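I opened this entry to record what I looked up, beginning with a pair of helices and then turning to annotated residues.

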Amino acid sequence: MKKQQICILGSTGSIGTQALDVVRQHRDRYEIYCLTAHRQVELLAQQAREFQPAAVVIADETRYEALKALLADAPDIKVYAGAAALEQIVTADPIDMVLAAMVGFAGLLPTINAIKARKKICLANKETLVVAGQLICDLARQHHVPILPVDSEHSAIFQSLVGDADASIEKILLTCSGGPFRHFTPGQLQHVTAADALKHPTWSMGDKITIDSATLMNKGFEVIEAKWLFGVEASQIEVLIHPQSIVHSGVQFVDGSVKVQLGVPDMRPPIQYAFSFPERLSLKGERLDLFAQQKLEFFKPDMQRFPCLGLAYEAIQRGGNMPCALNAANEVVNEAFRNNRCAFPDMARTIEATMAKTAFDALPSLEALLQTDAEARGIARGLLGATK
């Protein structure tokens, strides 16, 4: 069996490191062609020594010399740096699939280039579909490229649909834990800190996504992502707060039947399923013990307590470049909150005001989306500065 050559965009993050564990367990099937990271040169070099890829890319060009030095005794590993290198490496002929695990808007252009190069896309970078869902779906159809979801929720939906026609979907059931603040009052939310928000009750994720989970913006992004992945309207996507994080999501069909996928909170199974689909491979790890589950609870999300979820629905209903503006503003406020430059409730208020001030474009091109991203970031930064 010819080994599948994988490029991992974001190999030092939570998804990337767990993907490498999947590869460790299936070295007879998978081989790493390229690893990339933003700034973590030490971990990237360590991964490169273990997996011996053809190339590594560090996005932060100021870290290039440090990475070169760390890999000086590995001359067969090519070392590159910068955004342009990220966008180019995904087109290399030997690559069979690209795991898009970079965080944020930065993952958009490399993913577009990978699609144009006809690489199978294993998508963990939800911002790609949030920002440019129509464009990405059109490109994937044009180039006959499969996009396999890696997010646990979208993988669960995808698995629930295997064997059933998409046209039979009545409702998507999108679950989330509710984060650490689901019982907090508005007064309590005014005083929570980034350290509080980073204590996710069930999942271990990167800082940016963990903050997004605390505001429920992450779930809002997943609503938008689900619309594009599964060809449904936002009105057909119902968010359920499920604190136990055992039911990862599912589908309600037109006959009233419901199929859901269950498992322990572990990202490796959905990563592996994206790699191996339509096969299902063995994987070492914890197994779900249904006898140990005392209860499985489901609640409606409180849109007043967590307005970011409502803003995401508003963005997709308005369409055009509004999801792009939503994402850009969120990246700005998320970073500001992590750096103690705004309060928790200020994030939603700033995003809402940014969307109101950003020029609307009903049918944005890629260039227009890049302009929207820059415009919305500038507006959000200005608004945050005005609140000081």
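At roughly what angle do the axes of helix α5 and helix α6 cross, and within what distance do they come? I worked from a predicted model, in which local features need pLDDT of at least 70 and side-chain atom pairs count only at pLDDT 80 or more, while totals for chains, interfaces and linings use all residues. Residues are numbered from 1 along each chain as its sequence is written, and side-chain values use heavy atoms, with hydrogens and water left out.

I found that the axes of α5 (residues 108-116) and α6 (residues 127-142) come within 11 Å and cross at roughly 10 degrees. The two helices are therefore roughly parallel to each other (angles under 35 degrees). In contact terms (heavy atoms within 4.5 Å), residues of α5 including Leu108, Ile112 and Ile115 meet a set in α6 that includes Val131, Leu135 and Leu139.

Next I took up the "binding site" that UniProt lists in an unreviewed entry, with Ser152, Glu153, Ser177 and His200 among its residues; such annotations may be inferred rather than shown by experiment.

I placed Ser152 in helix α7 (residues 152-161) and noted that Ser152 is buried, with a relative accessible area of 7% (buried means under 20%, with a 1.4 Å probe and protein chains only).

Ser177 lies in the loop between β8 (169-176) and α8 (186-189), and Ser177 is also buried, at a relative accessible area of 7%. Leaving aside neighbours within four places in sequence, I found Ser177 in contact with residues including Arg182, His200, Thr202 and His242.

Note on methods. Helices (H or I, at least four residues) and strands (E, at least two) are DSSP runs, numbered from the N terminus. Buried means under 20% relative accessible area, exposed over 50%, partly exposed in between (1.4 Å probe, protein chains only). Axes are lines fitted to C-alpha atoms, for helices over the stretch in contact, and angles run from 0 to 180 degrees between N-to-C directions. Angles under 35 degrees count as roughly parallel, over 145 as roughly antiparallel, 65 to 115 as roughly perpendicular and the rest as oblique.
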